[in-house]
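Here is a short briefing to read alongside the sequence and the 3D view. Take it one topic at a time, and find each residue on screen as you go.

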Amino acid sequence: MTKIAYDAGHGMSTSGKRTPDGEREWMFNNKVAIAFADKLKQYENVELLRLDDPSGNRDVPLSERTDKANAWGADVLISFHHNALAGSWGTHSGIETYTHPQSSAASKEIQRLIHPRIALAMGLKDREMKEANFHMLRESNMPSVLIEGGFMDSTIDIQALRNDAKLKAQGEVAAQALVNLFFLKPKNVSTTTSLYRVFTGTFNSSRSLADAIEMARREFTWVFYERAESLDFNPTYRIFTGTFKTKAAAEEAKVKLQQKFGWITYIREEVI
Ligand SMILES: [Zn+2]
């Protein structure tokens with residue numbers, strides 16, 4: 001059994017932890033945490049323990065969070081956060097991941113697996129792997145990584161933070177890193193078939209969407225688009241390919257889209 005502890009940093013009403021427009025950090029963290037857990041629930045022999053209050057009502061003290069993870073005997077702890085610099089809008093940007101300066105080699109390995117995936121999922125600048133003496137990392141007895149998935153007070157990063165598809169992707173790629181690390185097996189492999197599609201990041205106007213579709217149709221027979229879930233008032237769209245029977249074929253298509261057009265792309269598995 002692999003025991004995975006995780007939390008969305010803070011609580012809904014924690015003071016200071018919000019964007020200059022008043023959006024709560026916990027709301028962003030929560031969406032990532034939910035996607036992370038939903039993905040891991042698709043694997044066998046995984047137990048999950050959420051350390052914060054899933055309703056967001058209570059900001060569970062940090063010592064309570066790490067005590068809970070330690071008492072439970074978690075194999076790994078992942079803490080989801082979003083960053084702030086000065087609390088007023090600026091153009092600083094990027095994702096960071098943290099381990100404790102005295103952390104185990106296992107923490108570093110998990111950080112190395114998670115870090116590049118987060119930058120890719122969010123489509124934001126990579127501000128490198130870092131170390132810090134954070135409570136969640138210092139007081140947890142198991143390998144632990146804290147993720148800062150972009151700046152809440154960045155006019156650049158907020159676009160990604162307001163995009164639910166990107167927050168979902170952030171949680172899923174963090175989960176995928178653990179799937180790879182622990183060699184987790186998907187549930188019900190014998191009774192289901194997986195197909196794979198390649199999705200792009202979002203386009204924020206119908207004009208850029210139309211251009212993107214036209215470009216993609218030179219490469220692929222089937223190109224679809226959908227309106228992306230977003231907190232943004234402006235509609236955003238993303239495009240996706242038809243299905244591929246193997247992950248390898250989807251990977252190839254993903255690389256092609258990335259290299260030819262410079263788009264953020266990711267693969268989505270569909271279990272049928
Ligand atoms: Zn935070």
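In this predicted model, helix α2 covers residues 62–72, and its buried residues are Arg65, Thr66, Ala69 and Trp72. Looking down the axis of α2, you would see these buried residues fall within an arc of 135°, so they line one face of the helix.

**Around helix α2**

- What do the buried residues of α2 pack against? Their partners are the strands β1 (2–8), β2 (46–50) and β3 (76–83), together with α4 (135–138).

- How many residues of strand β9 (residues 237–241) are buried? The count is 5 of the 5, so the strand is largely enclosed by the rest of the structure.
- The cover extends to both faces of β9: Tyr237, Ile239 and Thr241 are buried on one side, and Arg238 and Phe240 are buried on the other.
- Strand β7 (residues 194–203) pairs with β9 in the antiparallel sense, over 3 bridges. Look for phenylalanine 203, which stands opposite tyrosine 237 in β9.
- Strand β8 (residues 223–227) also runs antiparallel to β9, and 5 bridges join the two. Here phenylalanine 224 stands opposite phenylalanine 240 in β9.

**Aromatic rings**

- How many aromatic pairs does the structure hold? There are 11 of them.
- One of these pairs is phenylalanine 36 with phenylalanine 80: the ring centres are 5.0 Å apart and the planes are at 65°, so the pair is edge-to-face.
- That pair links distant parts of the chain, with phenylalanine 36 in helix α1 (residues 25–40) and phenylalanine 80 in strand β3, 44 residues apart. Both phenylalanine 36 and phenylalanine 80 are buried.
- Tyrosine 98 and phenylalanine 134 also form a pair, with ring centres 5.0 Å apart and planes at 65°, so this pair is edge-to-face.
- Tyrosine 98 belongs to strand β4 (residues 95–99), while phenylalanine 134 is in the loop between β5 (126–131) and α4, so the pair ties together parts that are 36 residues apart in sequence.
- Is tyrosine 98 buried or exposed? Buried means under 20% relative accessible area, so at 10% tyrosine 98 counts as buried. Phenylalanine 134, at 31%, is partly exposed.
- Elsewhere, ring pairs link Phe199, Trp222, Phe224, Phe240 and Tyr266 into a cluster. The ring of phenylalanine 199 has the charged end of arginine 268 sitting over it, 4.0 Å from the ring centre.

- Threonine 19 is in the loop between β1 and α1. With a relative accessible area of 3%, threonine 19 is buried.
- Which residues does threonine 19 touch, not counting residues up to four places away in sequence? They are Phe28, Trp89, Met152 and Ile158.
- Histidine 115 is part of helix α3 (residues 105–122). Its relative accessible area is 4%, so histidine 115 is buried.
- Setting aside neighbours within four places in sequence, histidine 115 is in contact with Ile95, Glu96, Thr97, Asp126, Glu128 and Met129.

**Positive phi without glycine**

- Asparagine 45 is a residue other than glycine with a positive phi, near 55°. You will find asparagine 45 in the loop between α1 and β2.
- Glutamate 128 is not a glycine either, and has a positive phi of about 80°. This residue is in strand β5, and glutamate 128 is also one of the contacts of histidine 115.

**The two domains**

- How is the protein chain divided? Domain 1 covers 2–181 and domain 2 covers 194–271.
- The C-alpha centres of domain 1 and domain 2 are 26 Å apart.

Terms used:
Residues numbered from 1 in each chain as written. Predicted model: local features only at pLDDT ≥ 70, side-chain atom pairs only at ≥ 80, totals over all residues. Heavy atoms only, no water. Buried < 20%, exposed > 50% of the residue type's maximum accessible area, 1.4 Å probe, protein only. Helix = DSSP H or I, 4+ residues; strand = E, 2+ residues; numbered from the N terminus. Arc of directions from axis to C-beta. Contact = heavy atoms within 4.5 Å. Pairing = 2+ DSSP bridges. Phe/Tyr/Trp six-rings, centres within 6.5 Å; stacked < 30°, edge-to-face > 60°. Lys NZ or Arg CZ within 6 Å of the ring centre and 35° of its normal. Domains from an automatic or database assignment.
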